[in-house]
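The coordinates and sequence come first.

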Amino acid sequence: MSSSDPMKRRDFLTLTGVGACAAAAAGAGLVTLDFLSPKVLFEPPTRFVAGTPLDFPEGTVRFNREQRAYVIGTSGGVYALTAVCTHLGCITRYLSDENVIACPCHGSRFDVEGNVVHGPAPRPLPWIEVKQDTAGNLVVDTAAVIPAGTVLRV
Amino acid sequence: MSGLPPIAVVESNDPLETPRRVALVHPDIRPAVRRSEERMVMTFPHLIVREIILFQVVTIALSIAALLFDAPLQGIANTTETPNPAKAPWYFLGLQELLHYFPPVVAGVLLPGLVVIALVVIPYARVNLTAGPLWTGRGPRALLGVAAAILAVAAFAAVFDCWPVVVPTLAVGAAMLAARGGERGGGTRRAFARVTLPEWIMTWFVIVASVLTIIGTFFRGPGWSFVWPWTTFRTW
Amino acid sequence: MRTPTVAALSGWLRDTSVYRSIVRHGVEDTNLNRSLVVLENLFLHVHPVKVREKTLRLGHTFWLGGITLACTGILFATGILLMFYYHPSVPQAYQDMKELQFVVDNGLFLRNLHRWGAHLMVFAAFAHMLRVFYHRAYRPPRQFNWVVGVVLLLATLGLSYTGYLLPWDQLAFWGVSVGTNMVRAAPWIGEPFRFLLLGGHVVSENALLRFYVLHCVVLPVTLILLVSVHIWRVRKDGGVQGPPEDVP
Amino acid sequence: MRARHVFAITSLVFLGVLAISPAKNALRPYRSLQQQFRKLGATRAHSLKEALRYEGQSVAIRQIWLPRLDGRVDRCATCHLGAADPVMAQAPEPFRLHPATAHTPSEFDRFGCTSCHGGQGPATSLEEAHGIAEDAGPPMLPREQIEAGCGRCHSGETVDEAPVLSRGRAVMTRFGCYACHLVRGHEDFRSEAPPLTTIALKTGAAWLRQWLKNPKTVDPNTTMPSFDLTDAEIDELSHALFGRTPPQELAAAVAAAEREGPGDPAAGKKIFSEARCISCHTVEGKGHGTAPELSKVATAATRGWLLAFVRDPHAFNPRTRMPQYGFSPSESRDVVAYLEDELRDFDAPKDILLPLRVNRTLAEKGEKAFRARGCFACHAGTGATVAERFGPDLNGVGDKKARSLDFGKREDLPRTTPAWLGAKLANPRSFAQGLKMPSFDLPPDDVRAVVTALLALGAQPAPEAYRSAERQPPGVIPGGELGRLFDRYRCLSCHQIGDRGGDISTAPLTHEGSKVRREWLTSYLLVSYSIRPIIEERMPIFRMSRADAELLAGAITSFYVDPAIPQDPFAGHPDSDRDIGEGERLYTSLGCRACHIVGAAGGYYGPPLTDTQSRLQPGWVFAWLKGPQKWRADVRCPDYGLTDTDALRLTAYLETLKAPAETVARGKS
C-alpha cells in the first residue's frame, strides 16, 4: 500500500472499518443468542418417588398431580404413564368407574395401558420409566419415555 | 427603539450550494443574518462516518468502564435497616444537600421548581437575547444593584448556614464586580468583562450545583455529617 | 487493496434485483448518489444532503448531543436484553441481578454497560444544555427546541431515577425512598403525586412495578418522540449551531 | 483522508473491546475446573464405561434447588463436582468427596450446601460463593464454627454430634445472655440472679464494694460479669441497694435467727458433707462450681441471713437452684456454726459486714445507675417481667454482615462477623468508650463455643419442614403436691428430664421409672450414697421426710416410664435365654470388669453392679445392654451390638447380683 495509490488505500481503510463493524455486529448477534439461552432452569425435578411396590397391588391407578403421571399396578408389576393428553396437552383424569383415562378438553379416552379408545388423540399415552432404587422405592422419571408394555417386575 | 440594522437577505437559487432558507425576523431580536460563504461538504460520507466514529468511541469508553468497574449492588432491600447515610442518586445529591440546610418546601420544591421554570423561559426572556457584556454602558446604579443582589442571595443562604452556597455566591460575585472596567485590564479580567448577565447567573448556578453535588456525593457520612472522602464508616 | 474477488462479489451483489429493490441508488462515487444515500434512507434523512464543514469540527458543538444520543442507543439495546432476565417483583428482582452476574453469560457486562451508560447520558445531557446556553444557541428560531431539550433532560433524569429502583437492593430502595420523600414537601400536590407514583404510601412492590413500566415503556416512548422532534427541529433550523459568532 | 483512518482504527478497537467480555465469559474458572474434573474422573474410574461417563459430562452450571428450604439455590457442585461421588475420596480440592456426617453425602438433595456451610449458594465464582468478595453476601462459616450450621435447624439446647454448639448454648444459658438479649425460643428466660431486696440484711458496705468492683475476684464461680464501675457508681449503687426495704417476713426471719444461740461446728461439718454441698458449690475450688464458692461465705453474709437462707432459700430467691433441705432448727444452726467457724476470710477487715448509712440522694442516683447499667435485666424483682430487653435482639446475628458491625477501635481484628463476635465476648468494651455490655471473662474455648451458638441464630427460623424434632421428649413436670416436691428439692437443678434440667447429675430422670425399683429409690432418697464413686458431684442427703420420699419415688417410678422398655424382657423368649452361666461368661469376656465392680473386684469408672437385683429393673438392664448410647449419648459404656439372646443372658446374670448388705451378711454367717 503506497501513498502513490491513494484510491486503493482508501478502499482498504473502508474495508477494514466496515469489515470490523460487520464482524462486531455478527459477534454481537451470536453473543446475544448465547445470552438469551438460559443456563439454569428452575423446573421441578422430573424424577419422583411414587412409593413402594406394596402400594401398587394389581388394579391400582394412582395419579400424581404435581408430576402429571399415573403409576399403575398390574399383575406383572408396576408401570407409569404420562397424564398429558397426546392431543393438545390437557391433563387427563382417571375415571375409576369406567376404568378409563379421559381428557376433559376434547373427549379423548384411553385405556389404562395408554391406548386410544376414543376421540381425537393421535397417539397412545407414552409410557415412562419406573425404576427401583436401592431402598426398594419406585422412582418414576417423567422425562424418560420407554416403549409401551415395559412393566417393572417387582 | 430606533435605528434598526440593515437586514441582508440571502438569496441564492442554487440548491446544491445553499439550501433555501426563509428567516422571519422579529425586529427586536436582531439575529445577525449574514451572507454565508461557507464551505459545504457532503453529509455522506463526511458527517455519517463521524457519527459512526462517535458511536464507536462512546461504546468503547462505556465498555471499558463496564469491564473495569462493576455496577454497585448492595444487599437486598430491607425496609427495617436504613443505610446511614441514605443517599439519592448522584444527580439528586445537590438537592439532598440543600435539604440539609433549607426547609423542605424551599429546597425540595421552590428551588428546583424555579430552576426548571428558569430553564424553560430562557429563550423567551429578552435579557437572554439582547444582553451585551454586563457592565457595558451601565453606571454606578447597576453596580449597586448587582452588589445588592449578590449580598441578598448570600445573606439568605447564610441565614440557613448554607455555606456551600454562600461561598461560591460571594466568589462569583467578586468575579462579577472585578469584571467592571475589565476591558482595559489583563487577560482574565478582559475575559470576564465580556460575560453577559445571563451567563454570570448560569455560571453561578452551575458552580453552586456542582459544589453541592460534590459535597453530597463525597463529603457526607453517617447522619449527613461532614466526612472526608477517604474516611471509612459503617453504612448502617 | 480491494481484491478482485471482493470487488467482483460486491459488484455482483449490487447487481442483484433484491439489492436493487432495497438500495435504489448506485455506488456512492458521485455526489448525486451520495445525496441519495441520505435522501433515500429513513434513518439518515434527518440530515441535509450537505453540511457546513465547520460544524464537523470538535470545538463546534463538542458532539455532546451526539454522545447523548449514542448513550440512548446503547441504553435501548442493553435495556431490552436485560428485560429478558428481569421480573419486577420482590424479591425476584434482586435475585435476577445476582443471576445476571452468576449464570447469565455476559449478564454483568450488559448491566454495567447499562448503568454507566445511564450516568454518562445524564452527564452528557447536562453538558449539552450548558454548551447550548453558552453558545446562545437557544435564540430564535430555536426557542421551542430549547424547551423540548429541557423536557428531554427531565425525561432523562426520570429514566435514570426509575431505573435506579429496579435492582431492588439497599441502594435502590433507600435512594428512591429519600428521593420520593423530597416530593412530599410540595404543598397540595406533593403527597397525591407521590401516592400515584409509588402506588402506595411507601416504596413497595407496587412502586417497583410502576417504576418498571415507566422505565421500560412510558419514558422511553416519550423519549423517542421528543428526540425525533428535537432532531427534526435542528434540521429545520439549519443544522447544529456552534459558538454565537457562528450564526449561519 | 483522516476520518477514514480514524474510522478504521476505531472500528478495530470497537471489535476488540466488545470481544473482551465474551472472552472473559468463556474463560470462567468453573469451566476449566469441570474439564479438569472430567480428566480426573476418567483416571479414577473403575471401569471403562464409568470413565466414558466422566468424559461425556457437559460443561454446565450444576445446582441444587430447594423450593421448600427458602427457595435456596446452591451451585457449589459446579466446582465441588465430587462432593457426593465416592470415586473422589481423597481427591484434591475442590473435587474431594464430602466427609460423612449425619446428613452427608446421602442428603445433599434435601439440604443443599449453604444450609450448613453458609456462604452464597447462587454464586459461581470462588470469591462470590465463599463470600470473600467485597460486595458479596455473608461469607461461609469458618470451619471452627461449622456447627453453627447445625444450629439453624436444631434448636434444642443439646445437639448430638455438635458438641461445640451444645457447649455454646449451655454457656449462654448459664451466664444468662438471654436476660438482656432476645433470642427465639428463650423469650421466657428469667435469670437466677437474686432479687436484691435483702442486701441490707445480708452483707456490709465494704463487702458490697469489693463485689461490685469485680465479682470474679470475690467468687470465681459467679456468673455475674464485671461492669468496670467507677468508684462513684459503686458508691451510688451501694446506697441504692442498702436503701431498699427488705420484705418484712424476711427481715423478721433474719433478725430472729440472729438472736438464736450457737450451734456445734463439728456436727455442722458432718451435715455439710452429707448434704453434698460441693455437688454444686466449691470450697477452695473443690466441687462442681456452678454455685458460689463457700470458703469465705461467712465473711460475705451475716450469721442471721445465712441461717435464715439455709432454712428457706426459696423465700430469698424464688429462682435459685439451691434445694430446700429438711434440716431441723438445730441442724441448720450447726451447719451455719461450721460456716462461721471455718469458711471465713480471716484476713478480712473487721467492719466488712457493717451496714451502710444510706444517703437518699446517692441512693436515687444509684437506682438510676441500676437501670442505666442494665442490672435490672438479671436482678429483676420477684414479680416484675422484663418488658423490653436491655441489650440488642440477637435473632439474625448469624446473618449480620461484617460491614454492618462497628469495629471501632479494634483495628487488629479481621473484618468478619465471627471475629467481631469473639472479640465482643472476650473484651466487650474494647471497641469504643461507653459500651454497655459487661465483661464475662470467658475462657477462649467458651468464647468459641458461644460464637458458634450465636452464628446459628438466623434472622428467620428454619422452615417448618426442616426444623429438627429433638430426640429428647419434652420434659414434663407434674403439678400439685408432687410438683411442689420437685420444686422444693430442685431436682431439675442437677437432673435432666427430657429436654429440661441441669447437667450436674449423670442420671437423667426421663426414664427413671423404667430403670430403678421403687423400694430402692425410696431408700436412696432418704439416705443416698455414691453410686459412681469416681464422680465428685453426688446426690445430697436432703433429710426429707419418709412421706416425701415415698411420694417422690412412687411418682417417679410410675410417671417417668418409657413404653419402649419391656417390663419383663424374657417374655416370649426361650428359657435358654436365661442361662446365667453363659451370662457370667459374657460378663468376663466382654471386659465389663474393667469399669464395674462385682463382688470385690472391678473398675471404678462405671457404677458398681453389686446391688443390681435390688436397684435396677431387668427390662432396663436389657435395654441398656442393647445400646447404651441410646439412653445417654455421651456414655462411655461400649455398644457391643449384642444379640437379644446374649443381652438377655447377661441381664439374667446381673439380676442375680445381690445388694452389698446381703453379701456382707452372707460373708458373716
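A residue is called buried under 20% relative accessible area, exposed over 50%, and partly exposed in between, with a 1.4 Å probe and protein chains only. The model is predicted, with local features needing pLDDT of at least 70 and side-chain atom pairs counting only at pLDDT 80 or more, while totals for chains, interfaces and linings use all residues. Residues are numbered from 1 along each chain as its sequence is written, chains are lettered from A and ligands numbered from 1 in the order in which they are written, and side-chain values use heavy atoms, with hydrogens and water left out.

**Cysteines**

A disulfide is a covalent bond between the sulfur atoms of two cysteines. Here the criterion is a pair of cysteine sulfur atoms within 2.5 Å. Over all chains, the search of the whole structure finds one disulfide. This bond joins A:C90 to A:C105, with an S to S distance of 1.9 Å. The angle about the S-S bond is -100°, and the link of A:C90 and A:C105 is left-handed. The two cysteines are 15 residues apart and link distant parts of the chain: A:C90 is in the loop between β4 (78-82) and β5 (93-95) of chain A, and A:C105 is in the loop between β6 (100-102) and β7 (109-110) of chain A. Helices (H or I, at least four residues) and strands (E, at least two) are DSSP runs, numbered from the N terminus.

Two cysteines of chain D can be set beside this pair. D:C491 is in no disulfide, and the nearest cysteine sulfur, that of D:C494, is 9.0 Å away. For D:C595 the closest cysteine sulfur is in D:C637, at 7.5 Å, which is too far for a bond. The table gives the accessibility of these cysteines.

| Residue | Relative accessible area | Class |
|---|---|---|
| A:C90 | 19% | buried |
| A:C105 | 38% | partly exposed |
| D:C491 | 14% | buried |
| D:C595 | 30% | partly exposed |

**Helix packing in chain B**

Two packed helices are described by the angle between their axes and the distance between the axes. Axes are lines fitted to C-alpha atoms, for helices over the stretch in contact, and angles run from 0 to 180 degrees between N-to-C directions. In chain B, the axes of helix α2 (residues 90-101) and helix α3 (residues 104-121) come within 7 Å and cross at roughly 140°. Angles under 35 degrees count as roughly parallel, over 145 as roughly antiparallel, 65 to 115 as roughly perpendicular and the rest as oblique. α2(B) and α3(B) are therefore oblique to each other.

With contact taken as heavy atoms within 4.5 Å, B:L95, B:L98 and B:L99 of α2(B) meet B:P104, B:A107, B:G108, B:L111 and B:P112 of α3(B). By class, this contact has seven nonpolar, one polar and no charged residues.

**Backbone geometry**

Cis peptide bonds occur in chains C and D. One joins C:P140 and C:P141, with omega about 10°; C:P141 lies in the loop between α7 (107-134) and α8 (143-165) of chain C. Another runs from D:E93 to D:P94, with omega near 5°, and D:P94 is in the loop between β2 (72-74) and α4 (108-111) of chain D.

C:F62, a residue other than glycine, has a positive phi near 60°. C:F62 is placed in the loop between α4 (58-61) and α5 (64-83) of chain C and is partly exposed at 41% relative accessible area. D:R543 is not a glycine either, yet its phi is positive at about 60°. The loop between α27 (518-526) and α28 (546-559) of chain D holds D:R543, which is partly exposed at 27%.

Conventions:
Nonpolar A, V, L, I, M, F, W, Y, C, P; charged D, E, K, R; others polar.
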